[in-house]
Amino acid sequence: MNESEMENITVEVQTGDPFSVSAAGLIVGVWDDGRMALDWKKRLDAVLGGEFSRILEHGEFRGESREIFFLPTFGKIPARYVILAGLGHRDKTSSESIRKISGTVANAARRRNLTTLHSTLASNAHDDVDLASEAVVEGTLLGLYTFSQYKSRDERPSRKGKAPKPEYALSRLTLSASKDTEKKVRRGIEWARAVVRGTCLARDLGNHPANVATPTMIADTAAREAVRRGIRFTSFDRDKLEEMGLGALVGVAKGSVEPPRLIQLEYCPEKAQNAKPILLVGKTLTFDSGGISLKPAEKMEAMKGDMSGGAAVLGTLMAVADLGIPLWIVGLMPATENMPSGSANKPGDVLKAYNGKTIEVINTDAEGRLILADALSYGAKNFDPALIIDLATLTGAVTVALGAHAIGVLGNDPKRISEVLAIGEKVGEKGWHLPLFEEYFEQIKSPVADMQNVGGRGAGTITAAAFLSHFVDDKPWVHLDIAGTAWVESDEPYKPKGNVGIGIRLLTHFLSDLSGEKDLRKASGKGSKKK
Ligand code: BES
Ligand code: MN
Ligand code: ZN
């Protein structure tokens, strides 16, 4: 299922008795001490004639984390199977463990072609029912995401001699709730749908080949999604960018036949709480060959995903608008390819960024920071933001430091950084803070220009961020290096191989929390909005 097919899935709250629900699969959680929430163990044994207890006694199922067991009911209850879902250790249950087990269950249900599911995990496995409900729906839908539109029908998996199987589609997911939890479950579902919509669109953009997902196509997609939501869309083309002085972005685009764009999205709801906007900037490099400093051939195809930061900005604005979060937010997506050609940037070339600072290009493969330099300084100057957050698949070095399990988090505002880390932990998009000590800035000094675009062997993620810090105009700023987390090489419970759509859940929750903050409130008199 891709982004648009997800919309066809019905997701609803069910307040009745789960044991009388008529879904094909009834999902119940079991901890690794064999316990279940409420009196469900007793009830389950009563309806299934003690079979559940026997399964546990014989060690057929232990409730270990992500273990699953399909228990056929043979008509004893309307559901065809009770799906036992291992929750692992009782104290370690988190929104992320619920997201993962829900993704695992969804994939197993797909293999059995079960198209209706009922989950009881949210109301019982976790105290925070909103968040747990969101996690159930996200885990299920994101786990079922596929990207197969470039496969001809005949090439899709089929059994020998038989017609190709129609692609599996979940038609209905219901979540248990009591009268007390109903509202929270409903809220969790609403949040999940918004996050999933943004995430699947971002995944689609990242999975499309670079000959399709060009800067022009991404601008068209952003325009379409913006118009639907009353978000103001502007896009600047090559000539305009040159005239405006975004010399670093234009410089990177020089080697490419595909025209670059700077995409600008302004979300400003009537009830916006903030006097100054929040600025989101995302690296939208639609294909990174390295340019004249060409990358090796191996895995170069993955560089079609070098636009994941921009996709996260678009996906977040979609989610935030769908949820009606009362914040003024501006999104910027500098979009271009990085290609080698007779007209490309050369090592040693000097570029001038929007804020007038000059950059010696030592390595044309350090192009992300160049396009961000322009987008950050353009945004900082023209919108006077209260906070800047940028996301970028910026450095291979962040994978060396943190692997695939944490976003590299840097910046100049310790309070905002720790808030981002805390939200990441809460919603399963973890980050880790790296320092920006002044000593690192020595590494990017240039003999000929204001700075150079690479800082040598050590601390590649830090020197990249140090470079960016020259372009935020001392505004509060958080930088997220998502190079290690934007892409997975093999299937994970709710992340099928390919683009992850990282950052959207993190930012949507962060911005929602931010919208409740007093410090950002409109000061009386001052703070009239631009344009
Ligand atoms: N887009 C890459 C970073 C990247 C690497 C993203 C692997 C995803 C997976 C970036 O433009 C890049 O090439 N960075 C260079 C910087 C170096 C030349 C200083 C790198 O990390 O090697
Ligand atoms: Mn590069
Ligand atoms: Zn890149």
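Which residue bridges the manganese ion (ligand 2) and the zinc ion (ligand 3)? D288 does, and the two ions lie 3.2 Å apart.

## Ground rules

This is a predicted model, where local features need pLDDT of at least 70, side-chain atom pairs count only at pLDDT 80 or more, and totals for chains, interfaces and linings use all residues. Residues are numbered from 1 along each chain as its sequence is written, chains are lettered from A and ligands numbered from 1 in the order written, and side-chain values use heavy atoms, with hydrogens and water left out.

## The manganese site

Let's take the manganese ion (ligand 2) and its protein donors: D288 (OD), D365 (O), D365 (OD) and E367 (OE), at 2.1 to 2.2 Å. Donors here are N, O and S atoms within 2.8 Å of the metal (3.2 Å for Na, K and Ca); water is not among the atoms, so sites may look incomplete. Along the chain the spacing reads D-x76-D-x1-E.

The six donor atoms around the manganese ion (ligand 2) subtend angles of 70 to 167°, which makes the arrangement irregular. For six donors, octahedral requires opposite donors over 155 degrees apart and all others between 65 and 115; four count as square planar on those limits, or as tetrahedral if all angles lie between 85 and 135 degrees, and anything else is irregular.

## The zinc site

K283, in the loop between β9 (278-282) and β10, and E367, in the loop between β13 and α12, are 84 residues apart and link distant parts of the chain. Helices (H or I, at least four residues) and strands (E, at least two) are DSSP runs, numbered from the N terminus.

K283 and E367 are both buried, and D288 is buried as well. Buried means under 20% relative accessible area, exposed over 50%, and partly exposed in between (1.4 Å probe, protein chains only).

## Around ligand 1

One of its oxygen atoms is 2.8 Å from a side-chain N or O atom of D365, and an oxygen atom is 2.7 Å from a polar backbone atom of G396. The protein covers 73% of the 510 Å² of accessible area that ligand 1 has on its own (Shrake-Rupley method, 1.4 Å probe).

Definitions and conventions. A polar contact is a pair of N or O atoms within 3.5 Å; within protein, one must be able to donate a hydrogen and the other to accept it, and residues adjacent in sequence count only if both atoms are side-chain atoms.
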